[in-house]
Amino acid sequence: MECGNICALTLRLILLVLLVYGMVLSGMVVNSCQFISAIQPPPSEAAHGVGLTTFEDQAGNCVSHNSFVIDNYNGMEIAAKVCGFVAPLLGSVSVLLIIMECFKPGGCLGTGKCLPVIFLMAASVCQGLTFLLFRSDLFCSNKDIEFCKMG
């Protein structure tokens with residue numbers, strides 16, 4: 001086996017491990033109510049957690065977004081929530097394509113190396129768009145909340 005082939009295979013395996021790790025973390029973020037911390041203005045400066053589908057109530061329990069929250073979604077919350085689900089999905093498709101490509105030297109179904117990269121780029125963009133939750137009027141900039149920070 002040539003050195004170039006060994007290096008390529010090693011880098012693919014490293015990429016595969018990183019992708020699976022990223023998908024696990026993405027799944028944890030979707031279900032977490034600590035994605036961001038909403039900080040109340042002084043004097044209290046108390047913080048409560050907000051997630052893509054849940055939030056932390058005053059008792060500290062993680063509860064799903066209720067109808068009031070859902071009815072007051074704007075584009076930021078919707079985009080963050082949708083992208084929070086789409087990013088791991090696109091990552092999963094990329095992992096499957098990379099695994100299939102590793103087992104078939106000529107590429108799988110004619111996808112070659114281009115299609116997994118396109119899915120990975122789309123997953124990265126979606127992952128980044130989840131941070132639109134920081135621009136949310138509902139969770140991060142209203143009379144009860146001064147600012148948000150990473151949870």
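A disulfide here is a pair of cysteine sulfur atoms within 2.5 Å. Cys126 is buried at 12% relative accessibility. Cys83 is buried too, with a relative accessible area of 9%. Buried means under 20% relative accessible area, exposed over 50%, partly exposed in between (1.4 Å probe, protein chains only).

## Basis of the model

This is a predicted model, in which local features need pLDDT of at least 70, side-chain atom pairs count only at pLDDT 80 or more, and totals for chains, interfaces and linings use all residues. Residues are numbered from 1 along each chain as its sequence is written, and side-chain values use heavy atoms, without hydrogens and water.

## The disulfide

The count is one disulfide. Cys33 and Cys62 form it, with sulfur atoms 2.5 Å apart. Cys33 sits in the loop between helix H1 (3-31) and strand E1 (36-39), and Cys62 in strand E4 (residues 62-64), so the bond ties together parts 29 residues apart in sequence. Helices (H or I, at least four residues) and strands (E, at least two) are DSSP runs, numbered from the N terminus.

Cys33 is buried, at 11% relative accessibility. Cys62 is partly exposed, at 42% relative accessible area.

## A buried glutamate

Glu77 belongs to helix H3 (residues 75-103). Glu77 is buried but has no salt bridge. That term needs a side-chain nitrogen of Lys or Arg within 4 Å of a carboxyl oxygen of Asp or Glu. For Glu77, the nearest side chain of opposite charge is Lys81, 10 Å away. Lys and Arg count as positive, Asp and Glu as negative; His and the chain ends are not counted.

Beyond its neighbours within four places in sequence, Glu77 is in contact (heavy atoms within 4.5 Å) with Leu133, Ser136, Asp137, Leu138 and Phe139.
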